Amino acid sequence: MTDDAFKSDLLDVDPLMMDILLDHYKHPRNFGELDGANVVYEEGNPSCGDQLKIMAKTKDGVIEDIKFVGKGCIISQAAASILTDLVKGEKLERVRDLTKDEMLENIGIPIGPMRLKCALLALKVLKAGVYGQASWPGEEE
Amino acid sequence: MMEAISERAAKQFDVENVRRDFSVLERKINGHALCYLDNAATSQRPKAVVDAVVESLTWSNANIHRAIHTLGYEATVAYEEAHKKVARFINAKSWREIVFVRNATEALNLVAGSWGAANLRAGDEVVVTIMEHHSNIVPWQLLAARLGFELKFIPVTPDGILDLDAAAKLITRKTKLVGAVHASNVLGAINPVEKLREMARSVGARFLLDGAQSIPHMAVDVRALDCDFFAASGHKMCGPTGIGFLYAKKELLDGMPPFLGGGDMIATVTTNGSTWNELPWKFEAGTSAVAEGIGMGAAVDYLSNIGMNSLFEYERELGGYVLEKLRALPYVTLYGHKRGESLAVFSLNVEGVHPHDGANLLDRLGIAVRSGHHCAQPLMNVLGMDNTLRASFYFYNTREEADRLVHALGELKRVFDR
């Protein structure tokens, strides 16, 4: 087995998307505590130890500022960075209407069934914070 | 005794030969040959075990201890014979000291729920190690909340081995039971259980071993260990899931109240009360996992045929090889393996790589490892470990697979360093 065989396999996710994801992981956008936030919600993923807290300031139905703190795997943390970027300055309806599929599209690499929870943690935390909507409509718990 | 061991160790162990017994090892995962290194979670099952289960299900299926007919007789004999195989495997005095349960977790719950509930009260202490799997912590916590006794933990040294000086201070006249994991599922450390047993004996306490991780890899002799209780799971030692066993000394089992009540565990039932069946059935209420029990018997036969001492020697050599390779990787933090004897179980972190991502990418290379806290959060906390990757080897793993793991860890590092 050559090195190349390994490389191509590890990176058979689009290398560009992997780079973007790594960048979000190592240099997360909107990372840190947010003073004066009126929306604060925190949740973890006990099976893998991902932790995420999202804080937002909203005014007149618009997300004026949003930050997160957390620790965990690349998928969960990069997703939080991507999501906060996506909704900053947007109306709250945008958060309500954001679907799983749109979130996964924004993450940009194929997400296997074992990683779905990691990929959707940020969206779940944000929706729960904004709408008290801790589970997905129609989802079997 | 020593002669017998060296004689068996000398028996030729041929890894390529045993690999043929496990058809799953022919599988490709994501285009790569499966490299199964999650054996501390569950082992794979050899054909002999699968065949025994299939035969029971398709040819000799009946309820045991009830049916007069031929199939009932066959099933009863085979299920009892499985108890006898396990008894011989661990050198128990009698097969009636072997209680079949679902898994080691249930065995430990049985000890707490039956022996513990009958013998512990406020002012007593139960001492376990900080290395325990949650299954030897939570049942005692639940019981302590009801009965008011105290649960204490023997700490580990920074090297990740049991702190025996601290143990000597913790184990006192108040101690009614000392419980220890025989080998750690996180660090691989084989604990100095004889020393703990002596401490337990010196204060008149009972001594319990959680053997879920040890018995798949090393010869276990419960009479030499002189433990009062020994818990194990079938599925970690080549057997099916849903079956495990508790060994306990007969005089203890005789004195213990039943754990679950129901069918098969009684001698007589009247509206005024009931009397109990003979051992071990007193503790096996309801219809048993018959095929699984017979499968565990076949697993014990399979392991005995290989020889536990030659298996142990092979794994020790393989573990030494892995250890040397892992130590040479500057970006890998390895937990444990600093002092004392260990199984080939390696908990580690790759700098800059979350274990979950690591396990995910290793899977893309066909390598199955565990990531997480391994159901041993107290130990992880004191050693300052968060989550780890865990590669756990078994006798069907090879040096080539160890090389693949080491190479893949390097790839992980490279991917995340970009």
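Mentor: Start with one pair of residues. This is a predicted model. In it, B:Val181 stands opposite B:Asp210, which belongs to β8(B).

Trainee: Which strands does that pairing belong to, and how many bridges join them?

Mentor: First the general idea. Strands of a sheet pair through backbone hydrogen bonds, and the pairing is either parallel or antiparallel. Here, β7 (residues 175-181) of chain B and β8 (residues 206-210) of chain B run parallel, joined by five bridges.

Trainee: What is the strand order of the whole sheet?

Mentor: Read across chain B: β4-β10-β9-β8-β7-β5-β6. That is an open sheet of seven strands, and its pairing is mixed.

Trainee: Which strands stand at the edges?

Mentor: In chain B they are β4 (98-101) and β6 (150-154). Each has a single partner strand, so one side of each has no neighbour in the sheet. From one strand to the next, the twist averages 20°.

Trainee: Which helices lie across these strands?

Mentor: Take two from chain B. Helix α6 (residues 138-147) lies across β5 (125-129) and β6, and runs at about 150° to β6(B). Helix α8 (residues 193-202) lies across β7 and β8, at about 175° to β7(B).

Trainee: Now a helix in chain A. How many residues has α2(A), and how far does it reach?

Mentor: Compare its span with the expected one. α2(A) has 12 residues and reaches 16 Å from first C-alpha to last, close to the 16 Å expected at 1.5 Å a residue.

Trainee: Which residues of α2(A) are buried?

Mentor: They are A:Leu21, A:His24 and A:Tyr25. Look down the axis of α2(A): these buried residues fall within an arc of 100°, so they line one face of the helix. They pack against α3 (74-87) of chain A. On the other side of α2(A), A:Leu16 and A:Asp19 are exposed.

Trainee: Last topic: the two chains. How many residues are in contact?

Mentor: The size of an interface is often given as the accessible area lost when the parts come together. Here we count residues instead. In chain A, 13 residues are in contact with 19 residues of chain B. On the chain A side, α1 (3-10) and α2 (15-26) each supply at least two residues. α1(A) gives the most, with three residues.

Trainee: What kinds of residues make up that side of chain A?

Mentor: Sort them by type: seven are nonpolar, three polar and three charged.

Methods: Residues numbered from 1 in each chain as written. Chains lettered and ligands numbered in written order. Predicted model: local features only at pLDDT ≥ 70, side-chain atom pairs only at ≥ 80, totals over all residues. Contact = placed C-beta atoms within 7 Å. Helix = DSSP H or I, 4+ residues; strand = E, 2+ residues; numbered from the N terminus. Nonpolar A, V, L, I, M, F, W, Y, C, P; charged D, E, K, R; others polar. Pairing = 2+ DSSP bridges. Axes fitted to C-alpha atoms, helices over the stretch in contact; angles between N-to-C directions. Expected span 1.5 Å × (residues − 1). Buried ≥ 20, exposed ≤ 12 C-beta atoms within 10 Å, placed from the backbone. Arc of directions from axis to C-beta.
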